[in-house]
Amino acid sequence: MTLEQLRIFVAVAEREHIRRAAEALHLTQSAVSAAIRAIEERHDVALFHRVGRRIELTEAGRLFHGEAAAVLARARAAERLLDDLGALVRGTLPVAASQTVSNYWLPQRLVRFRADHPGIATVLHVGNTAEVVGRVLDGSVDLGIVEGEVDAPALAGRTVAHDRMVIVVAPGHPWTQVPPVNAAVLAEADWVLREPGSGTRSVFEAALLRHGIEIPAARVVLELPSNEAVCSAVAAGGGVTAISEHVVEALVASGRLAVVAFALPPRRFVVHWHKERQLGAAAYAFLQMIGCARNPQ
């Protein structure tokens with residue numbers, strides 16, 4: 001049974017007249033009669049009494065009319081939903097972002113997107129880079145925004161911003177008195193770092209490898225799951241760390257942390273999406289808002 005057959009049946013049932021229904025639907029009377037007959041024959045049930053030149057709903061026809069009208073109403077609602085989604089009148093923007101991105105780069109852009117599209121609900125998941133990439137790969141979010149490099153051939157990506165990492169210590173640490181710090185001494189320090197899988201840690205470790213330096217596992221005295229926890233531990237004298245300058249800006253200004261004179265390369269903020277999944281209209285609109293084309297590599 002097709003929606004068109006239901007539409008014809010409801011039109012006839014409401015008018016109890018083949019010709020009037022055909023005129024309302026812009027169909028021939030024979031096409032309307034054939035649609036009604038096809039339903040009746042397929043299900044072996046009479047939907048109308050033929051009384052002379054008139055027709056009337058049978059008991060089965062009255063029961064079926066209620067169901068058919070409800071199905072058509074749901075179909076119209078589904079069509080309106082698709083229209084609304086396409087026009088960004090309503091919908092959802094599922095996004096995942098790493099901690100630095102979600103705290104310092106993303107909020108003002110989500111506010112702007114909300115102002116442009118008030119009917120779109122934003123669902124933000126915050127995690128480390130590995131967790132964000134996992135969400136994009138499994139399809140639970142349309143977009144993932146992280147720091148640094150991602151090894152995931154199934155994903156497309158585009159750089160949307162740059163960030164600078166700095167090494168910070170507690171005030172009074174010896175490194176604040178030795179500008180610039182020699183790269184060789186970094187491997188001898190006690191480090192407080194984000195957990196494996198975080199973009200902050202992976203970018204920092206990659207930067208040290210360019211200097212031929214690898215921090216021994218024994219020198220990582222604390223692994224913590226958030227930027228705030230890392231900063232608190234370092235401010236308390238627990239060690240040194242490398243972190244986004246955005247994260248420590250206020251702490252440095254207040255004197256709780258000090259920046260060490262050692263230059264680290266800039267890192268990128270990159271938005272990723274799955275190459276083989278169709279993006280929703282909201283995700284596509286967000287990409288356009290932040291200056292991304294649909295299919296960049």
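Contact here means heavy atoms within 4.5 Å. By that criterion, among contacts between residues at least 6 apart in sequence, 73% join residues at least 24 apart. The structure is a predicted model, and its secondary structure comes to 10 helices and 12 strands.

**Overall dimensions**

- The radius of gyration of the protein is 32 Å, whereas a compact globule of 297 residues would have one near 19 Å.
- The C-alpha trace spans about 105 × 35 × 30 Å along the principal axes.
- Of the 297 residues, 43% are buried.
- The protein has an accessible surface of about 15400 Å², and carbon and sulfur atoms account for 53% of that surface.

**Helix H4**

- Helix H4 runs over residues 59–86 and contains 28 residues.
- From the first C-alpha of H4 to the last, the distance is 41 Å, close to the 40 Å expected at 1.5 Å a residue.
- Gly61, Phe64, Ala68 and Leu72 are the buried residues of H4.

**Phe48 in strand E1**

- Phe48 belongs to strand E1, which covers residues 48–51.
- The relative accessible area of Phe48 is 4%; the cut-off for buried is under 20%, so Phe48 is buried.
- Beyond its neighbours within four places in sequence, Phe48 is in contact with Phe9, Val12, Ala13, Ile36, Glu40, Ile55, Glu56, Leu57 and Thr58.
- One of these partners, Ala13, lies 35 residues from Phe48 along the chain, and the two C-alpha atoms are separated by 8.3 Å.

**Asn128 in the loop between E4 and H6**

- Asn128 sits in the loop that links strand E4 (120–126) and helix H6 (129–138).
- Although in a loop, Asn128 counts as buried because its relative accessibility is 8%.
- The Asn128 side chain reaches two backbone nitrogens: that of Ala130 at 3.1 Å and that of Glu131 at 2.9 Å.
- Apart from neighbours within four places in sequence, the contacts of Asn128 are with Arg194, Glu195, Pro196, Gly197 and Ser198.

Conventions. Residues are numbered from 1 along each chain as its sequence is written. This is a predicted model: local features need pLDDT of at least 70, side-chain atom pairs count only at pLDDT 80 or more; totals for chains, interfaces and linings use all residues. Side-chain values use heavy atoms; hydrogens and water are left out. Helices (H or I, at least four residues) and strands (E, at least two) are DSSP runs, numbered from the N terminus. The expected span of a helix is 1.5 Å times one less than its number of residues. Buried means under 20% relative accessible area, exposed over 50%, partly exposed in between (1.4 Å probe, protein chains only). A polar contact is a pair of N or O atoms within 3.5 Å; within protein, one must be able to donate a hydrogen and the other to accept it, and residues adjacent in sequence count only if both atoms are side-chain atoms. The radius of gyration is taken over C-alpha atoms; the globule rule is 2.2 Å times the number of residues to the power 0.38. Accessible areas come from the Shrake-Rupley method with a 1.4 Å probe; for residues, only the protein chains shown count as cover.
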